[in-house]
Each structure stands twice: as C-alpha cells, then as structure tokens.
Amino acid sequence: MTTAVARGTIRAPQRPGDRIFSTATVVSGGLILAVLASVAAFLLVQSLPAFVAKPEDFTGGYTNFWSYVWPLAFGTLWSAFLALLIAVPLAIGIALFISHYAPRKLSQGLGYIVDLLAAVPSVVFGLWGIGVLAPLLQPFYATLVAWFGWIPLFAGPVSGTGRTILTVAIVLAVMVLPIITALCREIFLQTPVLYEEASLALGATRWEMIAMAVLPFGRSGIISASMLGLGRALGETMAVAMVLSPSSQVVFQLLTSQNPTTIAANIALNFPEAHGTGVNILLATGLVLFVITLAVNMVARLIINRRKAFSGAN
Amino acid sequence: MSTTTMAAPMTNSLTAGKLPKHSGLAVLLGSWLVTAAVFFVVQLSGASESFNIAGTLFFGTVLYCVAIYLLSYFVEGVRKAKDRLVTALVTAAFVVALLPLISLVATTVINGLPAFLTPTFFTASQRNVVGAGGGALHAVMGTLLITGVATLISVPIGLLTAIYLTEYGRGRLSRAITFFVDVMTGIPSIVAGLFAFALFSLLFNDPGIRFGFGGAIALSVLMIPVVVRSSEEMLKLVPNELREAAYALGVPKWLTILKVVLPTSLAGIVTGIMISIARVIGETAPLLIISGFTASMNYDLFNERMMTLPVFVYTQYANQGADTQAYLDRAWAGALTLVLIVMLLNALARIIAKLFSPKLGR
C-alpha cells in the first residue's frame with residue numbers, strides 16, 4: 001500500500017483509562033474549590049442575623065456586632081504575631097541544625113523528634129500550658145514586671161496565675177514550631193548539593209555556605225512555612241481557651257491578668273451554651289476569623305508567587 | 001641556606017590560626033562553671049533561696065556564645081568567629097525546642113498513668129459516673145469512627161487533586177486550585193467545625209444539631225488540603241526522566257502515573273497521610289462544636305452526640321466535678337492515650353517511609 005501519508009498533527013489514541021482518570025482528578029480538584037466556596041457561603045448565610053442583632057443579644061454590654069468582634073480580632077492577631085515572633089527564628093535554627101549541623105546519622109532521628117511535637121494534640125498543649133508552663137513562668141513574669149515595668153509592654157500589675165497572653169504566645173509558638181521546622185528542613189535538604197559543595201570548595205565556612213546557598217534557595221519555603229504556622233496560630237483554639245484568662249478588650253500589655261482573648265477561644269468557650277441569636281453571633285465571629293485567615297494566606301501566597309520556587313516536575 | 005636564622009619555633013602551618021579541636025567544648029564548660037559560680041555567690045549572699053540551675057544553664061550558654069565569638073575572632077578571624085557563633089545559636093535553638101517536648105511528655109505520662117492503668121479506662125464509658133472510675137471507651141470509639149470516616153473521604157479527593165496538580169494541571173483551574181488549597185490549609189479548625197454546623201443545621205433545619213458524621217466532614221475539610229499539599233510535594237519530587245522514559249516506551253499517561261509516579265513517591269505520600277491523620281485526630285474545637293460531648297457510648301455516626309478523645313480531655317478538664325482529682329486524672333489519661341495514638345501513627349509512617357522509599361542518592 002503506497003497511499004499518501006496523512007499530513008497534520010499526530011494525535012495520541014484516547015484511551016478510556018486516561019479519560020476516566022483525568023476526569024476524576026479534575027472533579028476532585030473542583031470539589032475542593034466547591035468546599036471552600038460553601039464554607040464561605042454557609043457561614044455567611046448563618047451569620048446574617050448577627051449583623052442586625054439587637055444590643056440585648058450580646059453578652060457583655062456591646063451595642064453591635066462590630067464592637068463585639070473588634071477586641072477579639074485584635075487578640076487573635078496579637079497572639080499569633082507574638083507566637084510567630086518567637087517561633088520563626090527558632091524554627092529556622094532548628095531546621096538548619098537538623099539539615100546541616102547534626103551528624104548525618106542522627107539527623108533522621110532528630111527530625112522525628114521534632115515531628116512528634118507537631119503531632120501532640122492542641123488540647124494536650126492546653127493542659128500542659130495551664131498545668132506546667134503558667135506556674136513555671138509566673139515568678140519570671142513578676143521579676144520582669146518589677147525590673148522592666150517601665151516598658152509599656154511589660155507594665156503591671158502582674159498576673160498571679162501566669163495565664164497571660166505571653167504564656168499563650170509561648171504555647172502557640174511551641175505548637176507552630178514543628179510545622180515551620182519540618183517544612184524548612186525539607187526545603188533546606190533540597191538545596192542542590194552541587195551549590196553547597198561549590199561554595200565549600202571556594203573556601204566558605206559552613207555559615208557562609210548556608211547564607212549563600214541554602215537560605216536563598218529556601219526563602220520562599222521559609223515564607224510558606226511561616227504562613228502555615230501563622231494559619232495554625234491564628235486559628236488555634238483549645239490551647240488559648242484553656243490557658244488564657246480572658247477579658248475582651250484591646251490591651252498590649254503582655255503580663256497582666258487582663259488579656260485580649262481570641263475569636264476561636266471565645267467561640268469554643270461560649271458555643272456549647274449558646275442558643276438563638278447567640279449561635280449566629282458566634283458563627284459571625286467565625287466568619288470574621290475565616291476572612292482574616294483568608295486575607296493573611298492570600299497576601300502570603302502573593303509574596304511567594306512573586307518568587308516562584310523551583311520544582312522537580314517542570 | 002639562610003633559614004637557620006629563624007627565631008620563632010616551628011609552627012604547624014596546617015593548624016596555625018585555628019583553635020584547638022575541643023576548645024568549643026572547653027569554653028562551654030568554662031562558661032557554665034563561671035555562671036554557676038556567680039549564681040552560687042548570689043545564693044550565699046541570700047538574694048535567692050535555692051541554686052538557680054535554669055539560670056546557670058541559660059546565662060552560661062549566653063556567655064559561651066560571647067566567649068567563643070571573641071576567642072575565635074582574635075585567633076581565627078571574623079569569618080570563622082561568625083561560623084562558630086551561628087553553630088552555637090543553631091544548636092541552642094534545637095535544645096530549646098526539645099525542652100517543651102520533654103516536659104510535655106513527662107507530665108503527660110506522670111499525670112496520665114494512674115487513670116490510664118485503671119482496668120475500666122478502656123472498657124467503660126462515663127455513663128452514670130460521678131467522681132472517680134469509669135473510662136474513655138466511648139471517646140476512643142468516637143475518635144476512631146470519626147477520624148476513619150474523615151480519612152476515607154479525604155485521601156481519595158486529596159490524592160487525586162494532587163495528581164491533577166502535578167500531572168494534568170495547566171492554566172487557570174490548576175492555579176486556582178493550588179492557590180485555594182494553600183488558603184484552605186490556613187482555615188482554622190474551629191471554622192471547619194462552624195462550617196459543618198452551619199451546613200447541617202440548615203440542611204436538617206435543626207438549630208442545635210450535634211452528630212458524629214458532621215465531625216468527620218469538618219475534619220475532612222481540614223485534612224484534604226494537608227493531604228493535597230504533602231502528596232503534591234512528593235509527586236513533584238519524582239524525576240521527570242522517569243515519566244519521559246515511561247512515555248517513550250508507549251505507556252499511557254494514567255498507567256504511567258499509577259505504575260511509575262505513584263510507586264516512586266508512595267512512601268512519601270503514605271507518610272503525609274499518616275501525618276495528616278495524626279494532625280486531625282487531635283482536633284478538639286470542630287468536634288466540640290458539631291459532635292458535642294456525651295458520657296455514653298454511641299456507635300451511630302448519624303445520630304446523637306458522639307464523644308471523642310480530645311473533647312473528652314477538654315470536658316474532663318473544664319467540667320471538674322466535686323472530686324477534682326478524678327476528673328484531672330482522666331483528662332491526663334485521655335491526653336496520654338491521644339499522645340500514644342499519635343506517636344504510634346508517626347512511628348508507623350516512619351517505618352513505611354523507611355521500608356518502601358526508593359533508594360535515591362541522599
């Protein structure tokens with residue numbers, strides 16, 4: 001047979017397996033978007049009554065929803081900010097220790113140990129925070145207020161129980177530490193060995209090698225890890241609900257018994273007993289928390305997208 | 001030869017300008033001794049009642065950082081000094097992170113063991129129990145049921161999405177999914193609980209709805225993005241050469257994914273799934289909201305309140321009855337159970353990763 005060869009693009013045969021498989025993946029991908037949209041939609045629908053709630057529906061003498069939610073939103077951001085301030089430098093240090101300083105044989109086991117911290121449930125952290133950490137820190141806080149009380153952050157009177165926003169921030173920091181560490185470690189380990197060996201061969205010390213090869217390579221990874229940590233710190237509920245002695249107001253002092261509580265902790269403490277419009281108000285504060293975390297994550301994503309990470313697949 | 005006039009003794013040019021091998025350790029011990037001496041004097045002077053061990057170690061380490069930097073700066077130069085300082089700081093960071101873990105595990109074990117070892121803890125519920133006694137069987141059952149269902153929902157969706165993102169995804173849909181999966185990882189757990197509550201209370205028109213399956217849905221919302229992210233990372237690590245080799249042999253794309261890409265990254269994916277289970281199994285807030293709490297057994301996911309271990313811990317702590325110690329003991333025992341489950345999952349994940357991971361360079 002010498003018929004002319006058909007010109008044009010050669011199409012791969014369409015196999016049913018391919019069709020089914022690719023459709024399944026697209027559907028599950030789309031499902032995720034649908035879930036996120038429905039989270040927003042259902043929360044919004046259920047919170048509508050809260051926005052028009054009458055003053056008598058609020059506990060604590062608030063006149064409208066926004067005056068109710070503002071101190072809570074402040075507490076949420078403030079505690080998460082403090083936690084990240086503690087956790088991020090520490091996490092980068094730990095990740096570097098595990099990936100580049102610890103003996104190679106030990107590093108696997110050390111990574112496992114830090115991962116264990118990630119797996120500890122938040123309610124256990126809550127028990128630990130109130131049973132161990134708060135009493136441990138209280139004398140230290142008293143000294144801090146006595147010596148450094150002139151700094152507005154450390155102004156007194158000192159809390160007698162140690163259940164302050166700083167304790168909460170430390171507990172939160174411990175909780176987000178392993179997440180940030182695990183991600184940073186993975187990223188640091190992915191640094192091309194050639195870069196590291198090249199800089200060492202040029203006479204760089206270990207720190208210079210890290211500063212020149214590892215950290216620039218892992219920068220977007222560090223940001224994304226911190227973002228995940230921030231997400232967990234913002235929404236962390238039980239540890240805050242159990243450790244903090246709450247008072248819904250905007251204060252920056254770290255060591256007094258008057259602490260701004262967080263949205264999540266407020267919901268957890270009040271939801272089981274809430275009824276009627278009270279439920280809608282709590283759902284609405286949940287919506288505010290959702291919007292805050294959404295905004296934080298989106299900003300973080302935009303930062304990361306500006307510096308696209310390299311990956312094996314492209 | 002005029003070298004005979006050299007006055008200085010011969011130095012080993014290879015070790016010149018370097019600190020001796022164990023000088024770091026020596027300086028560290030020295031700094032601890034110095035601070036210990038200072039604190040001892042403080043104690044003698046009566047300013048504090050007892051010898052401050054924590055303070056000694058802390059300030060001793062700070063002193064070490066300063067001392068090793070200065071020593072190295074004058075002997076080895078600024079670059080080496082910086083290197084030594086960073087080494088000290090990085091190691092200190094790791095030790096600092098270990099302290100809460102050790103303290104946490106120790107307190108949980110010590111406080112949890114008394115109630116954990118009572119024979120009824122895993123054979124009885126809290127029904128009709130006032131004061132000491134009873135157990136957490138209802139909570140363990142609830143946790144296993146709810147987490148199991150959540151895993152059954154999350155793993156297929158998460159894994160398929162990850163495959164879509166790495167293998168098929170092009171253009172706007174894939175970018176949108178990547179973006180929103182990242183956004184979803186930041187969803188606070190309590191919002192997931194509120195979502196499940198809002199959804200089902202509208203669906204069933206019941207303003208006080210509490211049931212187990214809602215908890216599973218809430219946990220899935222939290223779990224899916226974690227599974228997607230970890231699986232996606234693992235799939236991305238599969239070298240493109242493997243895929244290209246399979247295509248070159250004429251293997252269809254879906255078979256390439258099933259037989260080449262997935263097996264190569266399987267260990268990582270399973271590890272990720274285990275870790276995501278470990279993450280959601282300890283979630284308290286969403287279950288507190290949608291599954292509620294009860295003192296009785298409940299095997300039915302679709303009816304009535306269902307107790308779970310984290311909520312058990314919380315309620316035992318929050319609603320302490322007259323016999324406070326019994327409730328606290330049970331709370332710690334529940335915490336110990338949770339920690340054990342989670343550690344078991346992690347260990348399992350490690351073993352799987354170790355046994356089945358392909359042997360690649362590092």
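**A close look at chain B**

Chain B has a radius of gyration of 29 Å, whereas a compact globule of 362 residues would be near 21 Å; the radius is taken over C-alpha atoms, and the globule rule is 2.2 Å times the number of residues to the power 0.38. Please keep in mind that this is a predicted model, where local features need pLDDT of at least 70, side-chain atom pairs count only at pLDDT 80 or more, and totals for chains, interfaces and linings use all residues. Residues are numbered from 1 along each chain as its sequence is written, while chains are lettered from A and ligands numbered from 1 in the order in which they are written.

Along the principal axes, the C-alpha atoms of chain B fill a box of roughly 100 × 75 × 35 Å. Chain B holds twelve helices and zero strands (DSSP runs numbered from the N terminus: helices are H or I, at least four residues; strands are E, at least two). Of its 362 residues, 46% count as buried, meaning that 20 or more other C-beta atoms, placed from the backbone, lie within 10 Å of the residue's own. Among contacts in chain B between residues at least 6 apart in sequence, 73% join residues at least 24 apart; a contact needs C-beta atoms, placed from the backbone, within 7 Å.

Now for the neighbour. The contact between the chains takes 78 residues from chain B and 74 residues from chain A. On the chain A side, helix α1 (residues 16–51) gives the most, with 19 residues.

Technical notes. Two residues are in contact if their C-beta atoms, placed from the backbone, lie within 7 Å. A residue is buried if 20 or more other C-beta atoms lie within 10 Å of its own, exposed if 12 or fewer, and partly exposed in between; C-beta atoms are placed from the backbone.
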